[in-house]
Amino acid sequence: MTELTTDNQSTDYHHLRKLTEACTLLVTLLLENGDEIRNSEATTRLFAIFYGVKDIQIFSTGSLVAVTLRNEYEDEVTRSVRYDRTNNFDKVTSTHNLVDKIANNPISVDEAIEKFREINNQEVYFSGGKRYFGMFLANGGLAFISGGTWHDILPAGIAGMFGIIVTDFFSEYIESDFFAEIAGSFVIGLFAYLFFILGIGNNLFWVIYGGIMGLAPGSTILAGFREVFTNQSNSGVIIIVRGLVTAIAIAIGILSAMLLFGVRLTDWM
Amino acid sequence: MQDNLLLHLLTSFMASFGFALYFNVPRRAALAAGFTGMAGWFVNILFSTFVGTEPALDFVANLLTGVVTGILAQLFSKKHKAPPVIFYLASIIPPVPGGSAYMLFYSIGIARFDIAATYLRSVLVITTALLLGILLASYLFREGRGYKHQFKKLERQRARRESQK
């Protein structure tokens with residue numbers, strides 16, 4: 001049985017350094033995979049206090065997090081990490097479950113670091129194909145919900161799925177989400193017009209409107225406003241701006257596809 | 001009543017479930033997220049059928065949608081032992097104004113500022129209403145999740161460990 005460091009024992013400098021690494025891993029895991037910022041900071045704070053630090057400060061923006069820990073001898077350790085915000089809720093769930101488990105059966109800091117790394121390296125729950133199928137369902141459904149007819153479900157689903165695949169492909173190779181989203185929405189415009197020529201689908205406007213829904217920044221803007229409303233304006237503003245930039249990219253992509261074919265989309269509204 | 005209510009329910013389930021797959025929500029929780037999205041959208045179309053669809057009323061409709069989604073997300077998060085964000089972020093998708101945000105910039109691009117103003121209003125109003133509903137629902141379930149409760153829990157655990165030594 002490894003020796004436990006509890007609140008009653010002193011935390012020397014070596015222990016503090018390891019604890020800082022564990023806290024950084026924990027808060028990055030939560031923020032990177034799309035948890036609420038206030039929630040992730042509170043979880044990390046409780047984790048650190050549980051392992052016996054005197055004070056912990058967490059400073060996070062939409063793309064950077066810095067953690068400072070202090071023990072009772074006024075030693076301080078700071079570590080800052082850059083991260084990219086995505087949505088991977090499987091990892092969020094397993095991290096929260098792990099912290100719950102630690103609170104009930106304490107383990108040493110080294111073991112905690114090991115387990116956080118395990119979660120970080122674990123495979124995504126749904127493979128690429130299943131996620132793209134999910135996008136097919138979502139785009140088709142949203143084309144109908146927003147105001148289309150049931151004829152629009154199939155073309156919007158297929159166009160949106162290919163748009164997401166193209167966006168994922170480009171964002172890996174050109175390392176700019178903005179241009180990748182322009183390419184993806186351009187492909188959506190191409191597919192929607194192709195289906196329009198073939199006579200599949202009822203209304204070009206609603207096919208495109210449903211098709212871009214997988215790329216559209218609705219949940220990003222919602223998450224950004226959520227952070228602003230819960231006093232985390234520093235992160236919230238960055239997330240909102242990212243959502244608006246995504247919307248601009250989609251508009252550019254669809255506009256250029258429509259210009260190519262000389263279609264006035266407002267005629268279809 | 002909407003003439004194609006069943007199709008509305010089916011497509012709203014498809015939309016939320018599809019986004020739950022894309023967000024990598026655990027398998028059983030994904031079905032729950034789809035169901036939550038269906039319930040929220042059902043409330044939304046019930047409101048617009050029986051009360052009205054005037055522009056001023058969409059704040060109330062989306063507020064109710066947010067409250068229903070938030071309450072169901074909190075209940076499911078208790079059941080599946082997962083944070084509520086994994087349920088509401090996927091299931092809020094049907095009313096969420098992602099398409100409006102795209103149309104806002106599209107209409108600016110073709111210099112139709114009258115259309116752009118409509119979509120800007122819908123982005124701001126719907127986002128605020130939905131979030132207000134979700135936050136209200138989360139305050140209903142606040143009990144036992146605050147700091148004081150957590151620290152008391154830690155105190156109890158520390159006492160238990162001390163007694164075991």
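In this predicted model, Trp206(A) is buried, because its relative accessible area of 18% falls under the 20% limit. Phe205(A) also counts as buried, at 2% relative accessibility. The ring centres of Phe205(A) and Trp206(A) lie 5.0 Å apart with their planes at 80°, so the two rings form an edge-to-face pair.

Over all chains the count of aromatic pairs comes to 22. One of them joins Phe162(A) and Phe191(A), whose rings are stacked at 4.7 Å centre to centre with 5° between the planes. This pair links distant parts of the chain, since Phe162(A) belongs to helix α6 (residues 153-173) of chain A and Phe191(A) to helix α7 (residues 177-198) of chain A, 29 residues apart. Phe162(A) is partly exposed, with a relative accessible area of 32%, and Phe191(A) is likewise partly exposed, at 23%.

Elsewhere, ring pairs connect Phe47(A), Phe50(A), Tyr51(A) and Phe116(A) into a cluster. A contact of another kind reaches from chain A to chain B, where the charged end of Arg131(A) sits over the ring of Tyr22(B), 4.8 Å from its centre.

Turning to the strands, chain A holds an open sheet of 3 strands in the order β1-β2-β3, with antiparallel pairing. Because β1 (55-60) and β3 (76-82) of chain A stand at the edges with a single partner strand each, one side of each is left without a neighbour in the sheet. Neighbouring strands of this sheet are turned by 10° against each other on average, direction ignored. Between β1(A) and the antiparallel strand β2 (residues 64-70) of chain A there are 6 bridges, and Ile58(A) stands opposite Val67(A) in β2(A).

How values were computed. Residues are numbered from 1 along each chain as its sequence is written. Chains are lettered from A and ligands numbered from 1 in the order in which they are written. This is a predicted model: local features need pLDDT of at least 70, side-chain atom pairs count only at pLDDT 80 or more; totals for chains, interfaces and linings use all residues. Side-chain values use heavy atoms; hydrogens and water are left out. Two strands pair if DSSP finds at least two bridges between them. Helices (H or I, at least four residues) and strands (E, at least two) are DSSP runs, numbered from the N terminus. Axes are lines fitted to C-alpha atoms, for helices over the stretch in contact, and angles run from 0 to 180 degrees between N-to-C directions. Rings of Phe, Tyr and Trp (its six-membered ring) pair if their centres lie within 6.5 Å; planes under 30 degrees apart count as stacked, over 60 as edge-to-face and the rest as tilted. Buried means under 20% relative accessible area, exposed over 50%, partly exposed in between (1.4 Å probe, protein chains only). A charge sits over a ring if NZ of Lys or CZ of Arg is within 6 Å of the ring centre and within 35 degrees of the ring normal.
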